[in-house]
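Please keep the structure open while you read.

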Amino acid sequence: MNKSCQAALACSLSPQFLFATPLNMKIYLLALCLSVLLSAPLWAAETRLPNVVMIVTDDMGYADLSSQGAKDFATPNLDHLAKQGTRFTDFYVAQPVCTASRAAFLSGCYPNRVSLQGALNHTSKNGIHPDEYLLPEMFKDMGYATAGMGKWHLGTVIDFWPTRNGFDEWFGTPYSNDNTKYHPVLADEMPPFPLYEGEAVIELDPDQSMLTKRITQKAVSFIERNAERSFFLYVPHIMPHVPIFASEEFRGRTEHGLYGDVIEEVDWSIGEIMRTLDRLKLTDNTLVIFFSDNGPWPSYGEHAGSAGPFREGKLTTFEGGVRVPCIMRWPGHIPAGRVCDEPLMAIDLVPTLTKLVGGKMPSKKIDGLDASAVLLGEKNAHSPHEALFFYGGTGLQAVRSGKWKLHFPHPYITVAGEPGKGGKPSNWGKNQAQSITQSGIEGIASRHGGRVEKIELSLFDLSSDPGETKNVAAQHPEVVARLKKLAEPIRQELGDSLTGVEGTGIREAGWVK
């Protein structure tokens, strides 16, 4: 109960109020108090609004957790987090690539609605539009302290910077760490890699082996400095996106090689944040959310993660690209030790968290839905979505409803040959890499060891075929027809370059000349 409600209730029950206040005023004040009670956030905390810590890894595979099949390296802190909370096995990102994924989970929209598909780079002049109401802005408007440490990737110019979108503090990089002198094929074209604090560049080409530790130190410091108030902490880790780096303390620790070392250091980082919450007695009042921005990058072989039983990975709308590891913990609210297979998407975080803390929803239309009943483990709670939709760029490629997933005919990138080694992509040195400004599927494939193939109209039963290997469209024409019908409204609203449809509900991205 908030302070205004407490005051009204105390006043309404006092003898002075009962005997001296006119009847109509008594009724008004009691009704006011009741309305405040009914509109209170779901968590109904006695003390203050819950803290929220959201940790997002970059290109981490579904099977890169010990609890989901990792071998030759361990993730004890993530495993402990799962024991204390819920592991969501059917959690999706909206697009299998960095900028689009982030635009979606911070805005609550499919990235096509806010015109941010693909991945921005140092040449990009577009970014998240200033009129979009992002998750950190909601928290800031609720009086939260807000901070982000890691990779932003929603605009490389200051007009679109984190500090212009709800963050009090920012430490990190504007785009992916391969957009540097370490790019596997275009290193000579890349500018120095900037590291920012707030809106100022504090270093160029920082030691990437120290980035995970530095991000962790900044995150811990923020929690310590804001232990007495509600806070939103966003930690979008730079790792394990290629090129991968681990600090000296972690290099050589695992039998899996450098990739395993990197994951163990990221797991250590998560443990440090959790231990800080424990030390400051903030654990019970903190909702922790962990997931990856998309699936692993198979072309990079030993420097990439594993999608486990799923097909393909990053840059594809197969399960390996869009289904990601996800754990959420909030003691006393989210059930401990639970495994939940309800299909959810990262776009649901905005409406769900807004509901949980009693915040203000975006005034513009969003696509995410309130999934708080599923998070909190309410009886018979199910996914709020009848269907989830998957775009590759501007093309509507797939739709999932229940156990069924339908792929429309579309091109996709697969590994060109043998997976790469030593941080180089498949077929390294054999392909003619196109410029980084060529962002189409052919250009991306040329730079990252891929070849373009096509899939026909295909229906998969994910309950028996999570690897999307058996096309059963011919056996289930009624399911194909139903999923096609479900997809038509979103196609009309957000467009579909595969069928030549221009969307009616698309909003412009921000642009600078």
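The points below cover the sheet, one of its helices, and the aromatic and charged side chains.

1. Basis. This is a predicted model, so to speak of local features pLDDT must be at least 70, side-chain atom pairs count only at pLDDT 80 or more, and totals for chains, interfaces and linings use all residues. Residues are numbered from 1 along each chain as its sequence is written, and side-chain values use heavy atoms, with hydrogens and water left out.

2. The sheet. An open sheet is formed by 10 strands, in the order S8-S7-S6-S5-S9-S1-S10-S11-S2-S12, with mixed pairing. Strands are DSSP runs (E, at least two residues), as are helices (H or I, at least four), numbered from the N terminus. Two strands pair if DSSP finds at least two bridges between them. S8 (200–204) and S12 (338–340) are the edge strands, each pairing on one side only.

3. Inside the sheet. S1 and S10 run parallel, paired over seven bridges. Val53 stands opposite Val288 in S10.

4. Helix H5. Just after H5, Gly108 takes a positive phi of about 80°.

5. Aromatic pairs. The count comes to 21. Rings of Phe, Tyr and Trp (its six-membered ring) pair if their centres lie within 6.5 Å; planes under 30 degrees apart are stacked, over 60 edge-to-face, the rest tilted. Phe91 and Phe291 have ring centres 5.4 Å apart and planes at 55°, so this pair is tilted. Phe91 lies in S3 and Phe291 in S10, so the pair ties together parts 200 residues apart in sequence. Both residues are buried.

6. A second pair. The rings of Trp161 and Tyr196 have centres 4.4 Å apart and planes at 50°, so they too are tilted. Trp161 sits in the loop between S5 and S6, Tyr196 in S7, 35 residues apart. Trp161 and Tyr196 are buried.

7. Charges over rings. Lys213 lies over the face of Trp268, 5.8 Å from the ring centre. Arg491 lies over the face of Phe408, at 4.9 Å. The rule: NZ of Lys or CZ of Arg within 6 Å of the ring centre and within 35 degrees of the ring normal.

Note on methods: Buried < 20%, exposed > 50% of the residue type's maximum accessible area, 1.4 Å probe, protein only.
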